[in-house]
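Here's a quick briefing to read alongside the structure. Have a look at it first, and then we'll go through it topic by topic.

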Amino acid sequence: MATRTIAVVSAGLSVPSSTRLLADRLSAATVAALRERGVDATVEVVELREHARDLANNLVTGFPNADLRAALSTVVGADGLIAVTPIFSASYSGLFKTFFDVVDKDALSGKPVLLGATAGTARHSLALEHALRPLFAYLRTIVVPTAVFAAAQDWGAGGATDRDLVRRIERAAGELADLVARRPAAVAADPFATATPFEALLRGA
């Protein structure tokens, strides 16, 4: 059976968080959809709250530490990406944006991506379209048609709202699985392997 790697970026701030819960449900559905297509998948989760200080240091120094470098390599080297953020002030969280600010703008080109978001009310659902999609279009990723938004009332509600969320998750996971299954397996690469050595920067090279 073919094997692929799915990276999951979760920008939830609390523990537990509805953002991580949605990310886990999306990744489980994607693994199941890939299995139906004859592809085995492993999931690697990057929990951004664990890298908040690392990201701030990267912004002011220009260099990631070892932990952040490993997280960036996980995302860049994956065959597909699931990216989930809470919505604050009608857009993605600052932590989510900061992480993708430090990813090289060409590193995710052509990568299949499934977008998800959470918020307290469904009024924020359009943030997926007016904020997240443009960000990942700039990064030249291939974003699946179905994005998944979950409001507070979608969790444990039962009835129609819960069934609708399940259907959206399964549809989005199937779309991501279709893209990932058709692509050749990614070759893991160090996104910093070709970086200019610090000594050369000091010499003005």
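This is a predicted model: local features need pLDDT of at least 70, side-chain atom pairs count only at pLDDT 80 or more; totals for chains, interfaces and linings use all residues.

**Overall layout**

- The chain has seven helices and seven strands; helices (H or I, at least four residues) and strands (E, at least two) are DSSP runs, numbered from the N terminus.
- Starting at the N terminus, the order of elements is β-α-β-α-α-β-β-α-β-α-β-β-α-α.
- The chain has 205 residues, and 47% of them count as buried (buried means under 20% relative accessible area, exposed over 50%, partly exposed in between, using a 1.4 Å probe and protein chains only).
- Take the contacts (heavy atoms within 4.5 Å) between residues at least 6 apart in sequence: 81% of them join residues at least 24 apart.

**The nonpolar cores**

- The largest nonpolar core has 37 residues, and Leu 81, Phe 96, Phe 99, Phe 100 and Phe 136 have the most contacts inside it. Such a core is a set of buried Ala, Val, Leu, Ile, Met, Phe, Trp, Tyr and Cys residues joined through side-chain atoms within 4.5 Å.
- Several elements supply at least two residues each, including strand 1 (2–10), helix 3 (66–77) and strand 3 (80–88). Helix 5 gives the most, with six residues.
- Another core, of 26 residues, lies apart from that one, and Ala 29, Ala 41, Leu 114 and Ala 177 are among its members.
- Beyond its neighbours within four places in sequence, Phe 100 touches Val 9, Leu 81, Ala 83, Leu 108, Phe 136 and Leu 139.

**Helix 4 against helix 5**

- The axes of these two helices come within 12 Å and cross at roughly 10°, which means helix 4 is roughly parallel to helix 5. Angles under 35 degrees count as roughly parallel; axes are lines fitted to C-alpha atoms, for helices over the stretch in contact, and angles run from 0 to 180 degrees between N-to-C directions.
- Helix 4 brings Phe 96, Lys 97 and Phe 100 to the contact, while helix 5 brings Leu 132, Leu 135 and Phe 136.

**Strands 1 and 2**

- Seven of the nine residues in strand 1 are buried, so strand 1 is largely enclosed by the rest of the structure.
- Strand 1 pairs with strand 2 (residues 39–47) in the parallel sense over nine bridges; two strands pair if DSSP finds at least two bridges between them. One link to look for is Ile 6, whose bridge partner in strand 2 is Val 43.

- Most residues other than glycine have a negative phi, and most peptide bonds are trans.
- Ser 89 isn't a glycine, yet has a positive phi of about 50°. Ser 89 lies in the loop between strand 3 and strand 4 and is exposed, at 76% relative accessible area.
- Arg 140 also has a positive phi, near 60°, and is partly exposed at 43%.
- Ser 91, in strand 4 (residues 91–92), counts as buried at 19% relative accessibility.

How values were computed: Residues are numbered from 1 along each chain as its sequence is written. Side-chain values use heavy atoms; hydrogens and water are left out. Angles under 35 degrees count as roughly parallel, over 145 as roughly antiparallel, 65 to 115 as roughly perpendicular and the rest as oblique.
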